[in-house]
Amino acid sequence: MTIINHFHRILHGGDYNPDQWLHIPGIIDRDFELMEQSCCNTFSVAIFSWGQIEVEEGKFDFSWLDDIFARCAESGKKLFLATPSAAKPAWLGKKYPESCKVRSDGHRDFWGKRQNNCLTSPIFREKVRQINRKLAERYANHPALGGWHISNEYNGEPCCCDLCIRKFHEFLKEKYGTLENLNKQYWSAFWGHHLTDWDQIHPLDGSMNTARLDWRRFITANTVEFFRMEIDAVREFSDAPVTTNMMGYYDPLDYWKFVPYCDFIADDCYPSWYHGETEETAVYFAMLHDLHYTMLGKPFVMMESCPGIPNYRPYVKLRRPNEFQREMLLALGHGADGTMYFQWRKGFGNCEKIHGAVVGHDGGDQTLAFKRVADYGNKLESLSGIVDSAKAPEAAVIYDWESNWALDLTNGFGGTETKKWQETARLHYRALWEKNIDLAVIDSDQPFDSYKLIVAPMLFMLKKGVAERLKRFVENGGTLVMTYLSAYVDENNACFFGGNPGGPDLRRFFGIWNEDIDGLEPSSDQTLLWNGKKYRVSDYAEYLHAEGAEVTGVYGGEFYKGSPALTVMRQGKGKAVYLAARTGLDFLSDFYGKLLEETGIRPVLEGMPTGVKASRRTAANGDAYYFLLNMTEEPQTVVLPRELREIWGTDTLRKSVEIPSRGGTVLKG
Ligand code: GAL
């Protein structure tokens, strides 16, 4: 299925804000010329246009939007029409102050800015429903409508107004049924915090780990409910696909909960490409792209990216040659069917006037940014075969929002600077990505059966049923790697009775007892000895006992020298591996290299030099597309394992291929 029905093209375009330019004659005509020149075919409109459409309460002006729709229909372009709930008009915020968020210090925001709405407020919901219905009614059957861009980057900063808190209490009633049950789950005898009324539950009470966890769950649930309300309003008239643009690893919202209501996944990506950080940056975004492909198991859209550098970065660098195309190819190679920009034309005023855009303040086609976008856009036609093509990952990394929240809200193990769950997941991902294999990124609620290898880095929380599902995965022949700080708490952030990991049953399954954890200060010289080599260990080393597992790696220092640091337990047709210490990329790279051999997971293309990374997409007709990216600042020659056709900027059969410095290419075969 294509992202936009019957539109078999890689989506290319971006956020378009023509309503900022209505007072300057000729601009919109010029926009449409430049769009043609750069082969842009899809735009998101009206994202922040509520105030330009509903100019006064109940008084609407669609004239400028009608014009944009007409021009797009005429020129064969598509529009993702946004519901404008992210930023409300001044009249609305002034007249209905309850539509603004109350911050944790009790102060209500003033109407300005954006994404500062109370999503519970009945009047705000009603006003959003009305404007969404108006838009849907008007444009549902328009040939230029490609889909619905619901709101913009929903914000997970809580609103702490009385309504939201009361709704949170209702959420808890629904979840726990009785106060007695809640008291039990909340371990509320601690500090004598036994609760005798629902309204005594304060979401910001730092002593109540589980209440705070539930508060985060509530914020996601309330935002998803709002998202669904927005979709329902649109659906009264239109069945075009819907999405909302996510913000990568954004911690306050568990994006997996939005997935069932999205027809396709959209994400906003803003890398910086600083010198010396190329691979880290590529890994950061490759993992996100894999997450977004995995969410619906089909291509997603990189809804925003920047042809320059965002203005909020410490160094707003000019893009170095080829970097921009490599960034776009990274997204396509990892499963995007569209790469779009924020934004089409740079405005003259306010807080984003210096942010990179396709068309600059000169308004012409001679800027680096425009020429690069046009060059890329013109080449994109050669890749139309990748539209709707698939990835086939045999390995998955678990990245679980709720588990991360639980660890974050648990006092102990140092602070976020040592816990570093996101960096840890990425380091494991990176060790695998460097081997040029296809990867999935899942949370612990997703099916496990299609993988040969599952990596669970710091899966602190085991939700109901997860231990059983992981066990089944292993017994059926899978390899599971679980690390330190995994399986410490259940879904209520309560510790397991009977020891770690995960209580007696899982402990038996792994054949180990994780008695305690040694928090290592930076000067520690603890090591892990494995396969005849010594690797540095930092931050965390668990004090483990083997209870049936084979010990394959041991600690090199401290009073527990020689005790297990890495264990393997065979169960059924598979194995459960436990890595008890935090290591660097050196160990993970060696360790996963061996594990991939054992599990028979092959690179998508053999023989890549270090510094060149490969990913693959396969079309329904069997055509494979290989994306080769040069992560170095030198050109690279790649000798191919077989003859392949280079289709990026050329159409030539090759036995070896040259990739320019910081560049990329695409091969078919
Ligand atoms: C995104 C947002 C856009 C724009 C962009 C700038 O987060 O959705 O509207 O502000 O950032 O980088």
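Domain bounds, as used here, come from an automatic or database domain assignment. For this protein chain, the assignment gives domain 1 (395–599) and domain 2 (612–668). The centres of these two domains, taken over C-alpha atoms, are 35 Å apart. Before we go on, a quick word on the ground rules. This is a predicted model, where local features need pLDDT of at least 70 and side-chain atom pairs count only at pLDDT 80 or more, while totals for chains, interfaces and linings use all residues. Residues are numbered from 1 along each chain as its sequence is written, and side-chain values use heavy atoms, with hydrogens and water left out.

So how do the two domains meet? The size of an interface is often given as the accessible area lost when the parts come together. Buried area is just that loss, worked out with a 1.4 Å probe and summed over both parts. Domain 1 and domain 2 bury about 380 Å² between them, and 52% of that is on carbon and sulfur atoms. On the domain 1 side, Trp 433, Asn 436 and Asp 438 lose the most area to domain 2, together 89% of what that side buries. What about salt bridges, meaning a side-chain nitrogen of Lys or Arg within 4 Å of a carboxyl oxygen of Asp or Glu? Across this interface, the rule finds 0 of them.

A residue is called buried under 20% relative accessible area, exposed over 50%, and partly exposed in between, using a 1.4 Å probe and protein chains only. In helix 12 (residues 401–409), 8 of the 9 residues are buried. Among them are Trp 401, Trp 405 and Leu 409. What do the buried residues of helix 12 pack against? Their partners are helix 8, helix 9 (278–296), helix 13 (416–419) and helix 14 (421–433), where contact means heavy atoms within 4.5 Å.

Glu 402, one of the buried residues of helix 12, also takes part in a network of salt bridges, together with Lys 175, Asp 214, Arg 217, Asp 254 and Lys 257. The salt-bridge count comes to 53, so let's pick out a few. Arg 129 and Glu 126 meet at 2.5 Å, N to O. Both lie in helix 5, 3 residues apart, about one turn of the helix. Lys 379 and Asp 375 meet at 3.8 Å, N to O, and this pair sits in helix 11 with a spacing of 4 residues, again about one turn.

Another salt bridge joins the side chains of Asp 109 and Arg 103 (2.7 Å, N to O). Is Asp 109 buried or exposed? Asp 109 counts as buried because its relative accessibility is 12%, whereas Arg 103, at 27%, counts as partly exposed.

Next, look at the loop between helix 4 (90–95) and helix 5 (122–139), where you will find Lys 113. Its phi is near 60°, a positive value in a residue other than glycine. Lys 113 counts as exposed because its relative accessible area is 55%. Gly 112 lies in this loop too, but it counts as buried because its relative accessibility is 5%. The C-alpha atoms of Gly 112 and Ala 90 are 7.0 Å apart, although 22 residues separate them along the chain.

Trp 191 has a positive phi, near 55°. With a relative accessible area of 63%, Trp 191 is exposed, while Phe 190, at 39%, is partly exposed. Trp 187, Phe 190 and Trp 191 make a nonpolar surface patch of about 470 Å².

A cis bond joins Phe 342 and Gln 343, with omega about 0°, and Gln 343 lies in the loop between strand 11 (336–341) and helix 11 (368–380). The bond from Asn 500 to Pro 501 is cis too, with omega near 0°. Pro 501 is in the loop between strand 15 (479–483) and helix 16 (504–510).

Definitions and conventions
Patch = residues over 30% accessible without salt bridge, like charges linked within 9 Å, V, L, I, M, F, W, Y side chains within 5 Å. Areas by Shrake-Rupley, 256 points an atom, 1.4 Å probe, with all protein chains shown as cover. Helix = DSSP H or I, 4+ residues; strand = E, 2+ residues; numbered from the N terminus. Buried area = accessible area lost by both parts, 1.4 Å probe.
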